[in-house]
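Open the model in your viewer and keep the selection tool at hand. We will go from stop to stop, and at each one you will find what to select and what is there.

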Amino acid sequence: MNSNELSSTPLWLLVVIAFILICQSSWMFWDAQKRGHNAWLWGFLGLIQFPMYLIIYLIFVRKIFKRKVSGSNS
């Protein structure tokens with residue numbers, strides 16, 4: 001991305017993107033700290049990109065896809 005492309009991006013869009021990244025990073029930091037995971041790593045990764053690291057965090061740390069435990073019905 002060169003300087004002409006960046007200057008053609010509206011200021012309000014940059015502010016919205018920055019707000020989303022800061023909110024995502026803060027939530028990931030606080031949640032990882034609460035769950036005993038590496039909070040600084042997840043907080044930093046949350047600042048870099050949206051929503052890829054949030055999806056990775058939800059799958060591997062929060063474990064949103066839980067396996068069904070098969071037990072005997074006897």
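Is Arg 62 buried, exposed or partly exposed? Select Arg 62: at 29% relative accessibility, Arg 62 counts as partly exposed. Bear in mind along the way that this is a predicted model.

**Stop one: the salt bridges**

Through shared partners, salt bridges join Asp 31, Lys 34, Arg 35 and Arg 62 into one network.

Asp 31 and Arg 35 are both in helix H2, four residues apart, about one turn of the helix. Next comes Lys 34, which forms a salt bridge with Asp 31 at 3.9 Å, N to O. Color these by accessibility: Asp 31 is buried, because its relative accessible area of 5% is under 20%. Lys 34 counts as exposed at 65%, while Arg 35 is partly exposed at 38%.

**Stop two: two helices in contact**

Select helix H3 (residues 39-48) and helix H4 (residues 52-60). Their axes come within 7 Å and cross at roughly 145°. Show the side chains that make the contact: Trp 42, Leu 45 and Ile 48 from H3, and Tyr 53, Ile 56 and Tyr 57 from H4. By class, this contact has six nonpolar residues, with no polar and no charged ones.

**Stop three: the nonpolar core**

Which residues make up the largest nonpolar core? Select Met 28, Phe 29, Ala 32, Ala 39, Trp 42, Leu 45, Leu 54, Tyr 57 and Val 61, nine residues in all. Zoom in on Ala 32: leaving out residues up to four places away in sequence, Ala 32 touches His 37, Asn 38, Ala 39, Trp 42 and Tyr 57.

**Stop four: Gly 43**

Select Gly 43, in helix H3. Gly 43 counts as buried, at 7% relative accessibility. Beyond its neighbours within four places in sequence, Gly 43 is in contact with Ser 25 and Phe 29.

**Last stop: the annotated spans**

The unreviewed UniProt entry annotates residues 12-30 and 42-60 as "transmembrane region". Select residues 12-30: the span is 100% helix, with its end C-alpha atoms 27 Å apart. Then select residues 42-60, where the span is 84% helix and the end C-alpha atoms lie 12 Å apart.

Key: Residues numbered from 1 in each chain as written. Predicted model: local features only at pLDDT ≥ 70, side-chain atom pairs only at ≥ 80, totals over all residues. Heavy atoms only, no water. UniProt positions renumbered as here; feature names shortened; annotations may be inferred. Axes fitted to C-alpha atoms, helices over the stretch in contact; angles between N-to-C directions. Contact = heavy atoms within 4.5 Å. Nonpolar A, V, L, I, M, F, W, Y, C, P; charged D, E, K, R; others polar. Core = buried A, V, L, I, M, F, W, Y, C linked by side-chain atoms within 4.5 Å. Buried < 20%, exposed > 50% of the residue type's maximum accessible area, 1.4 Å probe, protein only. Salt bridge = Lys/Arg side-chain N within 4 Å of Asp/Glu carboxyl O.
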